[in-house]
Amino acid sequence: MASEPPALSLALSQGAPIPLHVSLSVRRGELLALIGPSGSGKTTVLRSVAGLYRPAGGRITAGRETWLDTDAGIDLAPQARRVGLVFQDYALFPHLTALDNVRLAMLGERDEERTRRAKELLARVHLAGLEARRPDQLSGGERQRVALARALARDPKVLLLDEPFSAVDRMTREPLKEELAALHRALDIPIVLVTHDLEEAQSLADRICVLERGRVLQTGTPEDIRLRPAALGVARLMGQTNLIPAVVLDQSHIRCGSHVVAVRQLDGARPGDEVTALLPADCISLVDAGGEGPNLLRSTISALQPLGDVTALTLDFDAMRLRLKVPTREAAVRALRPGLTVDVALDPAFVHVIRRS
Amino acid sequence: MDWPAFSLTLQLAVWTVVLLLPCAVMIARLLAWGRVPMKGAVEALIMLPLVLPPTVLGFYLLVAFSPQSELGRMLAAIFGHAPVFSFTGILLASLIVNLPFAVQPIQRAFEAIPRNVREAAFVSGLSRWQTMRRIELPLAWPGIVSAIALTFAHTLGEFGVILMIGGSIPGETRVLSIAIYDRVQAFDIAGASVMSAVLLGFSLFAIAIVHTLARRKGTASHGI
């Protein structure tokens, strides 16, 4: 059976003023998170899809519609693209009520229909009863919901979210995230979420695309990006700290300092290659003394930092230092403390080798 | 009380506001968001009447509007008579003199509208015209009201430029401020007092109306 064509497909290319060489496709009902450091081009990609930025070269299609094709001279105006866009600071119309903010996005329809739909959308984002309030009379979370209702009002073909949680406090963020996840399950359109929050991307996205300086470093599932980063930059961006210089010994072993570590895959690296080993927290487990299995190593706890229900440990091996989080309960049961010697096991399936470019 | 002068002053102020406002909105919007070549120079040119002595400006306009000049001949062809020493002439001068008072507040108001609010309107399907009518103009309304108030009040009191261009022809160019000057010159202090008081009262009344309008429009919900 032929695979379903992407609901949103884009290929952008330009050298200046913002370097951009990005190809992406998103399926219906899929949420793709674009992550990357400031200046990596995430927002420019989003603005290009919305028609608010015109790249020097590129092609953007939504289903069967071509929104941009610089070779063919096609560049649809934002009004003609049917995109729902939630701006970073929401960009609500400050002089209009919540209801009118949503109603205005449906100008082509009959008046009664606009009001009915706007009320329905506001109720969907849990704002029933607040229709008559203006943006300055709403909280940050409520403003975000109005922006979301307005973005959905045109029955968009693509939903774009530009750092939608950055302007709300942490307490408000969690319920909003859960609502977005529920909305994502209910919507059958591609969603592109721009964020610099890894946790947000991991918890909401079906796939993550990592951008750096206008280029795609890697696209994959959240687990792929976290555990099997294609480049050192991706691993660092994902907050991985256990990155150890290593040398490939044979098809299933690498040397990290004085330790020989068994690995399941070498990702194309050959014996003798200098690589970087990623030892994510997922691969490290504390084991009781006298245990058996591959990659059993002895280490000393050099630092221990309680972080609420988890405790961060810094483990010193010979010429190797790893960080690990364990439940605070486990730390207490094992009486972990700085200076204590502990045995750890590194699961070969999770040891990931990153080739140096 | 010189009622013809009062009526003429009022006509001049109203026509100045009515004719200048649409132009000022367009110029202000262009300066706020458009790509204007030599924007600084254009802005400086618009601001010039603010800093130029009225007699100097009046002199140059007199020269420019005279039948001997190319512009004067062109204007004469359009209006059927040379604009100097006529109502048309003082109205044209008033439009030029009031340009900074009309453009500046509106430009600042447009500049205060965040770019992404306009972009949100485009993405919501609003055309440029719809965006201007439903988003930009309501948001710039306080600036527009300021422009109306400033232009109106300034025209009521304009003296130097009008005297240079129009002289003091009763019923044609003698506005209230010139009539007051004439009364003082003739040692008719009582007559000057009455006219000054009327001008003062009317100016206050006009400003009060405009500001009440601004407040109402600013706080009312805009039905869409």
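This note sets out points on a predicted model with chains A and B.

1. Basis and numbering. The model is predicted, so local features need pLDDT of at least 70, side-chain atom pairs count only at pLDDT 80 or more, and totals for chains, interfaces and linings use all residues. Residues are numbered from 1 along each chain as its sequence is written, while chains are lettered from A and ligands numbered from 1 in the order in which they are written.

2. Confidence. The model scores ipTM 0.84 and pTM 0.84. In chain B the mean pLDDT (the predictor's confidence in each residue, from 0 to 100) is 89, and 96% of the residues reach 70 or more. Among the elements of chain B, the lowest mean pLDDT, 81, belongs to helix H10 (residues 189-219), and the highest, 95, to helix H6 (residues 115-123). The pLDDT is below 50 over residues 219-223 of chain B, a stretch that has 4 contacts in the model beyond near neighbours in sequence. Two residues are in contact if their C-beta atoms, placed from the backbone, lie within 7 Å.

3. Make-up of chain B. The secondary structure comes to 10 helices and 0 strands; helices (H or I, at least four residues) and strands (E, at least two) are DSSP runs, numbered from the N terminus. The C-alpha atoms of chain B fill a box of roughly 65 × 40 × 30 Å along the principal axes. Of the contacts in chain B between residues at least 6 apart in sequence, 72% join residues at least 24 apart. Buried residues account for 39% of the 224 residues in chain B. A residue is buried if 20 or more other C-beta atoms lie within 10 Å of its own, exposed if 12 or fewer, and partly exposed in between, with C-beta atoms placed from the backbone.

4. Helix H9 of chain B. This helix covers residues 176-185, and its buried residues are B:Leu176, B:Ser177, B:Ile178, B:Ala179, B:Ile180 and B:Arg183. B:Phe187, which follows H9(B), has a positive phi near 60°.

5. Domains of chain A. The domain assignment gives domain 1 (8-236) and domain 2 (242-355); such bounds come from an automatic or database domain assignment. The C-alpha centres of domain 1 and domain 2 of chain A lie 38 Å apart. Their contact takes 6 residues from domain 1 of chain A and 8 residues from domain 2 of chain A. On the domain 1 side, the residues divide into 5 nonpolar, no polar and 1 charged. Here Ala, Val, Leu, Ile, Met, Phe, Trp, Tyr, Cys and Pro count as nonpolar, Asp, Glu, Lys and Arg as charged, and the others, Gly among them, as polar.

6. Contact between the chains. Chain A gives 20 residues and chain B gives 19 residues. Strand E7 (83-86) and helix H2 (98-103) of chain A are the elements that give two or more residues to the chain A side. That side divides into 13 nonpolar, 3 polar and 4 charged residues.

7. Nonpolar core. The largest nonpolar core has 156 residues, of which A:Ala277 and B:Ile106 touch the most other members. A nonpolar core is a set of buried Ala, Val, Leu, Ile, Met, Phe, Trp, Tyr and Cys residues joined through C-beta atoms within 7 Å. Helix H5 (residues 87-111) of chain B gives the most to this core, with 12 residues. At least three residues come from each of domain 1 (8-236) and domain 2 (242-355) of chain A. Not counting residues up to four places away in sequence, A:Ala277 touches A:Ile244, A:Ala246, A:Ile254, A:Cys256, A:Val261, A:Val351 and A:Val353.

8. Strand E20 of chain A. Strand E20 (residues 341-346) pairs with strand E16 (residues 284-287) of chain A in the antiparallel sense over 4 bridges; two strands pair if DSSP finds at least two bridges between them. A:Val287 has A:Asp343 in E20(A) as its bridge partner. Strand E17 (residues 296-307) of chain A also runs antiparallel to E20(A), joined to it by 5 bridges. A:Leu297 stands opposite A:Val344 in E20(A).

9. Backbone geometry in chain A. Most residues other than glycine have a negative phi, and most peptide bonds are trans. A cis peptide bond joins A:Ala16 and A:Pro17, with omega about 0°; A:Pro17 is in the loop between strand E1 (8-14) and strand E2 (20-26) of chain A. A:Tyr90 has a positive phi near 75° and lies in the loop between E7 and H2 of chain A. A:Tyr90 is buried, with 26 other C-beta atoms within 10 Å. A:Arg213 has a positive phi of about 45° and lies in the loop between strand E10 (207-212) and strand E11 (215-220) of chain A. A:Arg213 is partly exposed, with 15 other C-beta atoms within 10 Å.
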